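Student: I would like to learn how to read the features of a protein model, one at a time. Could we take a single structure and work through it together?

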Amino acid sequence: MCTLEKRGTVFVLTLTGSSDQDEHRFGPSVIDSILSALSRAKAQATPGSALVTTSNGKFFSNGFDLAWAQAAGSRTAARQRLGYMVEAFKPVVAAMISLPMPTIAAVNGHAAAAGFLLALSHDYIIMKRDKSVLYMSEMDIGLTLPDYFASLFLSKVGSATTRRDILLIAKKMKGQEALRMGIVEAVYDSVEEVAEASMRLGKQLAGRKWDGQVYAEIRKSLYPDICGVLGLEVEHIVSNSKL
């Protein structure tokens, strides 16, 4: 599940769990919880808002709840449940891309598969230097990529070699390597430093007091391919505050 709180101008979305070892897997209830939180943040946004997404424990998120899928009892039913999660998560990515404020992922633990995708849906990723990895596990577990997964990587990761290593070699990247590849904004040694840096960046960006709708439309215009896959249209608007 997740919680949403507002600290001054910064919304903080926290993936929560029952223990420090909770992997924050995205099953139906967790996906619904995230969508609800993003909807509330959008409804409460003002010029000068920002969002930081973080998590409790050693994991940011290990992706879809495959145990829930496998518990369906048959291979066909398991595939149906997996397909349901793939489709249910698509609006989460759409909500992130169209959220009317800057967004920062504070990756203080492992982010794998759909967990990596959630982080990549943000404008900025701040990550622990060691003891946390970014990892697309699909090659290793024998799953193909949903269209919007592939499109987001094409939109956000500029190097074809890096995309190859992430998606075709299933490379596990620690923070320093992800920084060198241009995937993350900054890396820090501790959970506390990641949290502090993420909030600091959130406050800095919120302090610009940008028009959130203008911000969202410019963001969408930067990523036409993923917006096309997600069914997001770019609106052309003029902020009345400057005219």
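Predicted model: local features only at pLDDT ≥ 70, side-chain atom pairs only at ≥ 80, totals over all residues.

Student: Let us begin with strands. In what order do the 4 strands of the open sheet stand?

Tutor: As a general idea, strands of a sheet pair through backbone hydrogen bonds, either parallel or antiparallel. Here the order is β4-β6-β8-β9, and the pairing is mixed. The edges are taken by β4 (59-61) and β9 (173-174); each has a single partner strand, so one side of each lacks a neighbour in the sheet.

Student: How many bridges join β8 to β9, and in which sense do these strands run?

Tutor: Strand β8, residues 133-135, is joined to β9 by 2 bridges, and the two run antiparallel.

Student: Which strands pair with β7, and in what sense?

Tutor: Strand β7 runs parallel to β5, with 4 bridges between them. It also pairs with β10, again in the parallel sense, over 3 bridges. To locate these on the model, one may look for M127 of β7 as the bridge partner of V107, and for A186 of β10 as the bridge partner of I126. Strand β7 is largely enclosed by the rest of the structure, because 4 of its 5 residues are buried.

Student: Next, salt bridges. How many does a search of the whole structure find?

Tutor: The general idea is that side chains of opposite charge can pair when their charged atoms come close. The search finds 7 salt bridges. One of them joins R7 and E5, whose closest N and O atoms are 2.9 Å apart. Both partners are partly exposed: R7 has a relative accessible area of 40%, and E5 has 37%.

Student: Where in the chain do D123 and R219 lie?

Tutor: These two side chains meet in a salt bridge with an N to O distance of 2.9 Å. The pair links distant parts of the chain, 96 residues apart: D123 is in the loop between α4 (114-120) and β7 (124-128), while R219 is in helix α10. D123 is partly exposed at 25% relative accessibility, whereas R219 is buried at 4%.

Student: What does the salt bridge between R129 and D189 tie together?

Tutor: The closest N and O atoms of R129 and D189 are 2.7 Å apart. R129 sits in the loop between β7 and β8, and D189 in the loop between β10 (186-188) and α9 (191-206), so the pair ties together parts 60 residues apart in sequence. R129 is partly exposed, with a relative accessible area of 26%, and D189 is exposed at 52%.

Student: What is the volume of the largest pocket, and which residues are closest to its centre?

Tutor: The volume is about 350 Å³. Of the 22 lining residues, L66, A113, S137, E138 and I141 are the closest to the centre. At least two lining residues come from each of α3, β6 (110-112), β8 and α5 (138-141). The largest share, 3 residues, is that of α3.

Student: Finally, single residues. Is F64 buried or exposed?

Tutor: F64, in the loop between β4 and α2 (66-70), is buried, with a relative accessible area of 9%. Beyond residues up to four places away in sequence, F64 touches several others, among them F26, L82, F89 and Y148. The C-alpha atoms of F64 and H24 are 8.7 Å apart, although 40 residues separate the two in sequence.

Student: Which residues is S151 in contact with?

Tutor: S151 belongs to helix α6, residues 147-156, and is buried at 6% relative accessibility. Its neighbours within four places in sequence aside, S151 is in contact with D225, I226 and V229.

Methods. Residues numbered from 1 in each chain as written. Heavy atoms only, no water. Pairing = 2+ DSSP bridges. Salt bridge = Lys/Arg side-chain N within 4 Å of Asp/Glu carboxyl O. Buried < 20%, exposed > 50% of the residue type's maximum accessible area, 1.4 Å probe, protein only. 1 Å grid on protein atoms, 1.4 Å probe; cavity = no way out; pocket = protein on both sides within 12 Å on 5 of 7 lines; lining within 4 Å. Points joined across faces, edges and corners; volume = space filled by probe spheres on them. Contact = heavy atoms within 4.5 Å.
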